[in-house]
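Welcome, and thanks for taking a look at this one with us.

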Amino acid sequence: SGKQDVIRAFYSPFGDYLALERTNHTVCIYDIVTSRPIRTFSGHSKALTSLCFSKNNKYLVTASHDKTVKIWNIENGESEKDFVFDDVVYSVTFSPDGKKILYEKSSQLFDSAPIEFKVKEIRLQDIIPQSEPIVLNKIEIDDSVHYADFSPNDQLAVSSYANGYIAIWNTNNRKCIRSINAHGSHHVNTVKFNHSGDYVITSSSDGLIRIWRVKDGECIITIKGHNESVTSAFFDYSDEIIISTSTDSTIRIWNK
């Protein structure tokens, strides 16, 4: 599909499904084996900001500019749960056990505070039973979060920012353990752990894909090939193949 229809593509864990985010605010789920569409989720009234599969491939979570977060059941095509916020959530992802979501939230220190005094927070939210969110400690990255992801063991989280940074969090003590200027001043559109949790991969508006070692924050690989902004990049289930999408109307598959 061309750039006028598909915005981003997301690969599910274990390679069962491919989710295509479309310009009409819907998500189409394709079966990888048959290449056939099996579900189309519609319910958002504005463009999506984030999309993520649960690790068991049963659920999908989406966030939108309509200030809602929706959890979808892939098997029956129904919306399982809706969260309504007073501001746009720009990133949301499932925990490995599927019981929590991690999301970015803008909040005001005071009810009457002007917009420039809003602070960006990363929050953990239990889904069932729904509880009050846990706020991870704030860091000095004053910009919107574009994407966030859990490590496979649920001990770490990583978030990407519009000003080129990524941050790695300890989900137990809620502290930021590392912030990295990953792409200069260019937007980091997505950031994802690999399946071992040893590396994260970033995609950026500078047209680059980079792989970072978690333990020391070093960039070990830079991939260049797209002609425009890379809207998503992620490892397949073997961690040897990388799939990326771009506003240059291509989906590319790379050998690590």
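Let's begin with strand β18, which spans residues 199-204 and is mostly covered, with five of its six residues buried. Please keep in mind that this is a predicted model.

**Strand β18 and its partner β17**

- Strand β17 covers residues 188-193 and runs antiparallel to β18, with five bridges joining the two.

**Strand β18 and its partner β19**

- Strand β19, residues 208-213, pairs with β18 over five bridges, and the sense is antiparallel.
- Thr202 has Arg210 of β19 as its bridge partner.
- Tyr199 stands opposite Arg213, which also belongs to β19.
- Three residues separate the strands in the hairpin of β18 and β19, where Gly207 takes a positive phi near 85 degrees.

**The sheet as a whole**

- In which order do the four strands of the open sheet come? The order is β17-β18-β19-β20, and the pairing is antiparallel.
- The edges are formed by β17 and by β20 (219-224), each of which pairs on one side only.
- On average, neighbouring strands of this sheet are turned by 15 degrees against each other, with direction ignored.

**Salt bridges: the pair Asp82 and Lys70**

- How many salt bridges does a search of the whole structure find? The search finds four, and three of these are described here, including Asp82 with Lys70, whose side chains meet at 3.0 Å, N to O.
- Asp82 sits in strand β8 (residues 79-84) and Lys70 in strand β7 (residues 68-73), so this contact ties together parts that are twelve residues apart in sequence.
- Asp82 counts as partly exposed because its relative accessibility is 43%.
- Lys70 is buried, with a relative accessible area of 10%.

**Salt bridges: the pair Lys100 and Asp154**

- The side chains of Lys100 and Asp154 meet in a salt bridge at 3.5 Å, N to O.
- This pair links distant parts of the chain, 54 residues apart: Lys100 is in strand β10 (residues 100-108), while Asp154 is in the loop between β13 (145-150) and β14 (156-161).
- Are these two residues buried or exposed? Both Lys100 and Asp154 are buried.

**Salt bridges: the pair Lys192 and Asp149**

- Lys192 and Asp149 also form a salt bridge through their side chains, at 3.6 Å, N to O.
- Lys192 lies in strand β17 and Asp149 in strand β13, so the contact ties together parts that are 43 residues apart in sequence.
- Lys192 counts as buried because its relative accessibility is 18%, and the cut-off for buried is under 20%.
- Asp149 counts as buried too, at 1% relative accessibility.

Key. Residues are numbered from 1 along each chain as its sequence is written. This is a predicted model: local features need pLDDT of at least 70, side-chain atom pairs count only at pLDDT 80 or more; totals for chains, interfaces and linings use all residues. Side-chain values use heavy atoms; hydrogens and water are left out. Buried means under 20% relative accessible area, exposed over 50%, partly exposed in between (1.4 Å probe, protein chains only). Two strands pair if DSSP finds at least two bridges between them. Axes are lines fitted to C-alpha atoms, for helices over the stretch in contact, and angles run from 0 to 180 degrees between N-to-C directions.
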